[in-house]
Amino acid sequence: MTEKREVPIKIALDEFRVVGYKLIDAIADFYDTIHERPVTTGETPTQIQAVLGTASLPEQGRPASELISTATDLLFNHSLLNGHPKFFGYITSSPAPIGALADLLAAAVNPNVGANILSPMATAIEKQTVKWLAELIGVSSSYGGILVSGGNMANLTAFLTARTAKASSDIKVGGLVNMPGEMVFYCSKATHTWIDKAAVLFGHGSNAVRWIPTDATNRMDTAILARTIEEDSKKGKIPFLVIGNAGDVSTGVVDNLNEIAAVCKAHNLWFHIDGAYGAPAAVIPEYKNLFDGMQEADSIALDPHKWLYAPLEAGCTLVKNPQYSIDTYSAHPVYYNFEASTDEPTLNYYEYGFQNSRGFRALKVWLALQQVGRSGYIRMITEDIKLSQFLFSEAQRHPELEAVTQNLSVTTFRYVPAEYAQAEKRNDTYLNALNEKLLNELQRGGKVFLSNAIIANKYCLRACIVNFRTSKQDILEAIDVIIAEGARIHKLIQEAVIVI
Ligand SMILES: *Cc1c(COP(=O)(O)O)cnc(C)c1O
């Protein structure tokens, strides 16, 4: 019989079962009552700190059961609940319950998905997940790729791959300073701020970003794109990458991907698509045309933790020719012994991205894809879009709302008090201040959670529905809350109780 070490981190098996079952019961009750809870308690950091306390690092341990029960209470009662049916902020989805179970299981086995030898089944599952994601959005399943922490990382991972592919071959040795000219890249003004990070992190500087204007529909102006590339080339710059948006973060607009693909082909540039939010909508047959050109992309970023409802964190980089990923990220230090002992080629995920040790984030995505299936995602994503359109049409109908934009599942609108109802009477300076104040109050109030967008100098309220719990009734109730709160704040401003 092997001798067993008595260690403080051990939980006796009986206790583990009791604590575990209790936790699952508590989570089930949490799901069951989530719609009755406030979206957020609106507590300030000081109030939260007071709840948590300021104890120093404990010297002695405490029983797991007590700790899990305390943590459960802290989190259920003092969190912002993005699983709440009236959470429409930013782009964070209601998390799939199967994802919660998946993360528990993944943590229990704890495969290190950096190398195949350390994670034989998990590596195979991640590979299948990546293939299924490509199939879901309708691009060739020969795309390779990797799961990462989210959209920022998915885009950054692709950016560096694009640069390795398009720079002269010694960039890995000589670096940017030895390039024959400045490397520049192109994206629309609506592109997410990850591009600023990429410019700084990878040594290009923000001057290397070419912000291409958008047309009246907020899509990248591809004529200006082509012209700018030509001008840059004449000046001795080295254009290497164009980024198209498949659902921009603010308003959900999908660029004309076919046109961008054609420009990239004509100038031999890498075509990357940021589909962090929107790409999964390509699964809907009626929306497929909107994403035409996606199959031309050299790389695509998409976020299962957005419209596939995976719990945080799960992003994905897809690369049409995965050899470029390996060229970018592979290294062979002496302390790696990851080559196969068989004749088969080995898939080692450390060669596809920034991470070395890697968690098993694929499991929650893989399980949800199977629990729901393609048809289930078509249904849920379609319903989210329909709810967003319903919100837009209700805003159009309502005398005190102005509907501004509607794309995919993002609607922007603003509160307009009755006396400003006629367009010529609208005072944007006042309405901007009023709506900003309104948004801040709503975000603290706990009844509905929205974010904001600035559109043509209008400060708008913005609802993005990536939420399988939301119903029409929630939309109607949310509108009631917005109108009541808007009227209340407008009155307080008029009476000079609130100064703006
Ligand atoms: C959300 C989003 C990102 C950033 O993704 P994270 O997962 O928050 O890092 C990038 N691009 C677009 C279009 C997005 O919607």
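Reader: How far is an oxygen atom of the ligand from an N or O atom in the side chain of Lys 306?
Author: The separation is 2.9 Å. Keep in mind that this is a predicted model.

Reader: What about Asp 303, how far is a polar side-chain atom there from an oxygen atom of the ligand?
Author: For Asp 303 the distance is 2.8 Å.

Reader: And Asp 274, which kind of ligand atom does a polar side-chain atom there lie 2.7 Å from?
Author: A nitrogen atom of the ligand.

Reader: How much of the ligand does the protein bury?
Author: The protein buries 84% of the 380 Å² that the ligand exposes when taken alone.

Reader: Which elements give two or more residues to the shell around the ligand?
Author: Those are α6, residues 151-166, and α11, residues 304-307. The largest share comes from α6, with three residues.

Reader: How many residues surround the ligand, and which are the closest?
Author: There are 14 residues around the ligand, and the closest are Gly 151, Asn 152, Asp 274, Asp 303 and Lys 306.

Reader: How do the residues of that shell divide into nonpolar, polar and charged?
Author: Four are nonpolar, seven are polar and three are charged.

Reader: Back to Asp 274. Is that residue buried or exposed?
Author: Asp 274 is buried, on one side of β5 along with Trp 270 and His 272.

Reader: How many residues of β5 are buried, then?
Author: Five of five; the strand covers residues 270-274.

Reader: Which strand pairs with β5 over five bridges?
Author: Strand β4, residues 238-245, and the pairing is in the parallel sense. In that pairing, Leu 241 stands opposite Trp 270 of β5.

Reader: Which helix does the chain pass through from β4 to β5?
Author: The chain goes through helix α10, residues 257-267, and this β-α-β crossover is right-handed.

Reader: What pairs with β5 over three bridges?
Author: Strand β6, residues 299-302, again in the parallel sense. There His 272 stands opposite Ser 299 of β6.

Reader: Where does Asn 268 sit?
Author: Asn 268 is in the loop between α10 and β5.

Reader: Why does Asn 268 count as exposed?
Author: Because its relative accessible area is 54%, and the cut-off for exposed is over 50%.

Reader: What does the side chain of Asn 268 make a polar contact with?
Author: With the side chain of Lys 166, at 3.0 Å. Asn 268 can also be placed relative to Pro 239: the two are 29 residues apart along the chain, and their C-alpha atoms are separated by 9.1 Å.

Reader: Different topic. Which strand does β2 pair with?
Author: β2, residues 183-188, pairs with β3, residues 209-212, in the parallel sense over four bridges. Together with helix α8, residues 194-201, the two strands make a right-handed β-α-β unit.

Reader: Which residue of β3 stands opposite Tyr 186?
Author: Arg 210.

Reader: Is Arg 210 buried or exposed?
Author: Buried, because its relative accessible area is 16% and the limit for buried is under 20%.

Reader: Which backbone oxygen lies 2.8 Å from a polar atom of the side chain of Arg 210?
Author: That of Asn 207.

Reader: Which residues have a positive phi although they are not a glycine?
Author: Tyr 90 is one of them, at about 40°. Asn 110 is another, at about 60°.

Reader: Where are Tyr 90 and Asn 110?
Author: Tyr 90 lies in the loop between α3 and α4, and Asn 110 in the loop between α4 and α5. Tyr 90 counts as partly exposed at 46% relative accessibility, while Asn 110 counts as exposed at 58%.

Reader: Last one. Is the peptide bond from Leu 312 to Glu 313 cis or trans?
Author: That bond is cis, with omega near 5°. Glu 313 is found in the loop between α11 and β7.

How values were computed
Residues are numbered from 1 along each chain as its sequence is written. This is a predicted model: local features need pLDDT of at least 70, side-chain atom pairs count only at pLDDT 80 or more; totals for chains, interfaces and linings use all residues. Side-chain values use heavy atoms; hydrogens and water are left out. Buried means under 20% relative accessible area, exposed over 50%, partly exposed in between (1.4 Å probe, protein chains only). Two strands pair if DSSP finds at least two bridges between them. A crossover is right-handed if, with the strands pointing away from the viewer, the path from the first strand over the helix to the second runs clockwise. A residue is near a molecule or strand if one of its heavy atoms lies within 4 Å of it. A polar contact is a pair of N or O atoms within 3.5 Å; within protein, one must be able to donate a hydrogen and the other to accept it, and residues adjacent in sequence count only if both atoms are side-chain atoms. Accessible areas come from the Shrake-Rupley method with a 1.4 Å probe; for residues, only the protein chains shown count as cover. Ala, Val, Leu, Ile, Met, Phe, Trp, Tyr, Cys and Pro count as nonpolar, Asp, Glu, Lys and Arg as charged, and the others, Gly among them, as polar.
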